[in-house]
Amino acid sequence: MDLLTCLPRSQIQFYQGVQNPQKTEEEISETEVDQEASLETGSSNGAAAYGQSPVKVPAPPASMAANPLPPPDPQFVLRGTQSAVHALHFFGGAQGQERPLLLSGSLSGLVHIWSLQTRRAVATLDGHGGQCVTWLRTLPQGHQLLSQGRDLKLRLWDLAEGRNTVVDSVALESMGFCRSSVLAGAQERWMLAVPGRGSDEVQILEMPSKTSVCTLKPEADAKPGMPMCLELWQADSSPRPLLLAGYEDGSVALWDVSERKVCSRVACHTEPVMGFDFDSQKARGVSGSAEKALAVWSLDEQQALQVCRTHELTNPGIADVKIRPDRKILATAGWDHRVRVFHWRTMKPLAVLSFHSATVHCVAFAADGLLAAGSGDQRISVWSLYPTHSDMSAPLLGHAEGREVGAHAVA
């Protein structure tokens, strides 16, 4: 029997999965785009999740490029949120756990804590009065969770030793869609950026005292509109906190929090910035909006932002963007029900995951490379497409929107 007929069918449209056992991650050359390799990933029955050896499928020869092998379905799917999933975040979990926990926030206001070993919710947190949960983050100091909801509350939860209790809360003053951001280290004090009282303002708080550090308001002649997404960070060369903010007018701005001023601003999109992520080591970020393009932008040594390139998409609307912790790949959540995966350095399309039947609102990566996607279809798909030790440099072959394409396909 032909090996190809034994493989599970999938709804994924592109694929490029490679594994070279002779190379370590550090030895992988990102420019080796013509080598033959093999696809290593979990099969559709989730063999990798049970500790079994993943399926190894030889890459098809050139003669079969017009009809490439589809990769497997999601490693597994989590059901039971009973409403659309709008926020996801991986959490390391208790010491000694083999796999991280996955936190999800739903339209109904609930936060579910999922075990990826049992694939069941181990706890449900109800702290937002039935209003949509839009953002989730854990703090590095301990088992503490921040959840933001459309009820204008940001809750701090204690998850230690099985507890699921609200220990503090911050009242928000904006009804917008902006997700908050946190800058925290080993110290007890940490910084929180939230949408401010004014429609174009961002408020910076010192936590846990909730002391107001400052309010960042655009200059008088700038009309960026509402902030849509925020990211606090610190450069390795300076202890000064910085804030990246994506705005309603499609621009991204860099703020010096200490000086309360905009260092630079760049127009990335013609529509509101719906999501972005920033790679502080490479000083490079990527953003998505309601339009049909991703924007890649960089920050130079003079703290000036500039757009490096744009990447055209097949369909409009990106709800979320995340770069994997190892900075090898990134994923986007699409209004067209698809998750798109790209090589971060080259922005080459690697995969289009079309499992969901409604808008994909959020994506998240775990430290071990797992990818989770949450959708309006009330499901969370969990993928293991490119293990963190794998090579991603072989040519991309697949199908895009019903037509055959090659390595430089529009995603």
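Predicted model: local features only at pLDDT ≥ 70, side-chain atom pairs only at ≥ 80, totals over all residues.
Visitor: How many helices and strands does the secondary structure of the protein chain come to?
Guide: Zero helices and 33 strands. Residues are numbered from 1 along each chain as its sequence is written, and side-chain values use heavy atoms, leaving out hydrogens and water.

Visitor: What makes β5 and β8 edge strands?
Guide: Start with the sheet. It is open, has four strands in the order β5-β6-β7-β8, and its pairing is antiparallel. β5 and β8 (120-126) each have a single partner strand, so one side of each is left without a neighbour in the sheet. On average, neighbouring strands here are turned by 20° against each other, direction ignored. The axes behind that angle are lines fitted to C-alpha atoms, for helices over the stretch in contact, and angles run from 0 to 180 degrees between N-to-C directions.

Visitor: How do you know that β6 and β7 pair?
Guide: Pairing takes at least two DSSP bridges between two strands. β6 (residues 101-106) and β7 (residues 110-115) are joined by five, so they count as a pair. They run antiparallel. Leu-103 has Ile-113 in β7 as its bridge partner.

Visitor: Which order do the strands take in the open sheet that includes β13?
Guide: β13-β14-β15-β16, again four strands with antiparallel pairing. Its edges are β13 and β16 (211-216), each pairing on one side only.

Visitor: What joins β14 to β15?
Guide: Six bridges, between residues 190-195 and residues 202-207. Leu-192 stands opposite Leu-205 in β15. β15 also pairs with β16, over five antiparallel bridges. There, Ile-204 faces Cys-214 in β16. The hairpin of β15 and β16 has three residues between the strands, and Lys-210 takes a positive phi near 65°.

Visitor: Why is β28 called mostly covered?
Guide: Buried means under 20% relative accessible area; exposed is over 50%, and partly exposed lies in between (1.4 Å probe, protein chains only). Five of the five residues in β28 (349-353) are buried, so the label holds. In the whole chain, buried residues make up 56% of the 411 residues.

Visitor: Which strand pairs with β28 in the antiparallel sense?
Guide: β27 (residues 339-343), over four bridges. Val-341 stands opposite Ala-351 in β28. The two strands form a hairpin with five residues between them, and Met-347 in the turn has a positive phi of about 60°.

Visitor: What share of contacts joins residues at least 24 apart?
Guide: 49%, among contacts between residues at least 6 apart in sequence. A contact means heavy atoms within 4.5 Å.

Visitor: Which residues lie nearest the centre of the largest pocket?
Guide: Arg-137, Glu-231, Asp-277, Phe-278 and Lys-322, out of 47 lining residues. Elements giving two or more residues to the lining include β5 (85-91), β9 (133-139), β17 (227-234) and β21 (273-279). By class, the lining has 26 nonpolar, 11 polar and 10 charged residues. Asp, Glu, Lys and Arg count as charged; Ala, Val, Leu, Ile, Met, Phe, Trp, Tyr, Cys and Pro are nonpolar, and the others, Gly among them, are polar.

Key: 1 Å grid on protein atoms, 1.4 Å probe; cavity = no way out; pocket = protein on both sides within 12 Å on 5 of 7 lines; lining within 4 Å.
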